[in-house]
Amino acid sequence: MGYTTCPNGHLYDPEQYASCPHCNGGSNMIDFTGGGYPQGTIAPGSFGGDYPQGTVAPNGFGGGGVQNEKIMGTHADPSAGFNPDEVNKTVAPSDYSGGPSKTIAVFEAEQGFVPVVGWLVCTEGNKEEKGKSFNLLSKRNKIGRDRESDVRITGDNAISGYNASIAFDEEECSFTLIPSDTANNVRINGKAVYVPTTIVAYDEIRLGVTHLVFVPFCSERFSWGKKAEDKV
Amino acid sequence: MNPYPNSGTYPVPGEQDMMPTVEIRPFTYQISNLQGIGTCERQEDSFGFVNALDDEKISRRGLLAVLADGMGGMSGGKLASETTVATMRGDFEEFDMSGDIPRQLCSAAAKADDIVFGQLAGKGGSTLIACLFYREKLYFVSAGDSFLYLMRNGSLYRINAEHNVLHRKFEDRIADKDISLRSITNERENRAVTRYIGCGKLRDPDRFVRPLPLYVGDIVMLCSDGVANVLPPERIVEALESPSVDEMCRMMNAEISDNPTGQYRDNYTALLIRCAY
């Protein structure tokens, strides 16, 4: 009497199940309390009662050792990933079709696409970035070192993960730079800014040691919204 | 000559006419598995062992345990996880055990990634944890947000990295010397996995470059987030202190299944391997 494995590598007790319960959709829990069941899983050759007693922590397990010291790995807070009240499914990346719906910009919602409305051109800074242009889209564009940034500046450690954003307002055809709540200042034409500030063509934005010149595409001469209306 | 025979007797330095011998007892592995569907419509977790019940094969080629959690909400989640497990198990049979085992595990994971991507064109995927117990050492490869735990001397250790947006943000913020973690812990996007089987570009799964030596009494648990995100670490430790691996599974299943009516519970799977003589 003992466990067996099915062709898919699942362990089960053939005396409890005529066929592998896990191959039937995994909806069954093997009943380890069934009659005639030996103590413990039957190991190859030596499973059973000869194994040593399970280890017991002194005084049982308090919260201290487990919470503060013993949980290693990437959890900054051991309980950060644990919330029984949350829907805890593994979630696919958000660009999966059919995946979780994501917030989209108003322009995209109305017109079905997110166009370029301007650019930032790097005129000073890390040699890999100097000379490059970054598209600004018809939404709030995050600027920083984070991978998720819309305008990602690498090689300048004086820039925060999320240092600032530039928002485009289609109705007013205006661009606003919004500094984030970070220790690193943002300067427009050499002057530090701490509140949302309107920017105009050829304003120089400085983040860390990186200089970016703002060049708008949408202006009095061109508007995506007007373009879309023409087609209606 | 086998430099690491798994059994036998060896002469111990001593009087020539009195040669005491020491019998070296090889490890055995006490194994159990637990799986449940929760409140989901279908089971999208998959798992499998290789050589679980073959003492001779375990000593010669090791014991492989594989767990995969198909992407919830995606079409093909079950296909992705089954393919992942089948590929790892199949490739393991061809491993050169005298060669670079971590590299072979990573290659198998990359192959599974290519196959699943080819099947589902990026519209499905799976996490992966694969553990190889060979010559009393632990090798592993992982991608995604499933969990690999080691319980040793009464303490629980999470071994593998968690590949999701939340932990990527942790890394970016730490590099930025910004440790205001609370501002990023409650966003919906945080649970999205960043490395997984089926992305088509899996290049850097988590793994041991050098294997971890195992000791008698060590318990290794592979589990999906349906276990680890429901049972807090203290409850897992309590379950793993049970006298048998079957009792450990029974305790965990009872806790996970203790589900208030209507509350969502994900698929859950756990593989338990305890080192013993």
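The model is predicted, with local features requiring pLDDT of at least 70 and side-chain atom pairs counted only at pLDDT 80 or more, while totals for chains, interfaces and linings use all residues. Residues are numbered from 1 along each chain as its sequence is written, chains are lettered from A and ligands numbered from 1 in the order in which they are written, and side-chain values use heavy atoms, with hydrogens and water left out.

Helices (DSSP runs of H or I, at least four residues) and strands (runs of E, at least two) are numbered from the N terminus. Helix α7 of chain B, residues 245-257, comprises 13 residues and reaches 18 Å from its first C-alpha to its last, close to the 18 Å expected at 1.5 Å a residue, the expected span being 1.5 Å times one less than the number of residues. The buried residues of α7(B) are V245(B), D246(B), M248(B), C249(B), M252(B), N253(B) and I256(B), where buried denotes under 20% relative accessible area, exposed over 50% and partly exposed in between, with a 1.4 Å probe and protein chains only. Viewed down the axis of α7(B), these buried residues fall within an arc of 155°, so they line one face of the helix; the arc is that of the directions from the helix axis to the C-beta atoms. Their packing partners in chain B are β3 (28-36), β12 (219-223), α5 (225-228), α6 (233-240) and β13 (268-276), contact being defined by heavy atoms within 4.5 Å.

Helix α2 of chain B, residues 77-92, contains D91(B), which is buried at a relative accessible area of 18%. The side chains of D91(B) and K111(B) are joined by a polar contact of 2.9 Å, a term that denotes a pair of N or O atoms within 3.5 Å, of which, within protein, one must be able to donate a hydrogen and the other to accept it, residues adjacent in sequence counting only if both atoms are side-chain atoms. Also placed in α2 of chain B is T83(B), which is buried at 10% relative accessibility and, leaving aside neighbours within four places in sequence, is in contact with I115(B), V116(B) and Q119(B).

In chain A, five of the six residues of strand β7 (residues 164-169) are buried. Strand β5 (residues 140-144) of chain A runs antiparallel to β7(A) and is joined to it by four bridges, and six bridges join β7(A) to the antiparallel strand β8 (residues 174-179) of chain A; strands pair if DSSP finds at least two bridges between them. K142(A) has S165(A) as its bridge partner in β7(A), whereas A167(A) stands opposite T176(A) in β8(A).
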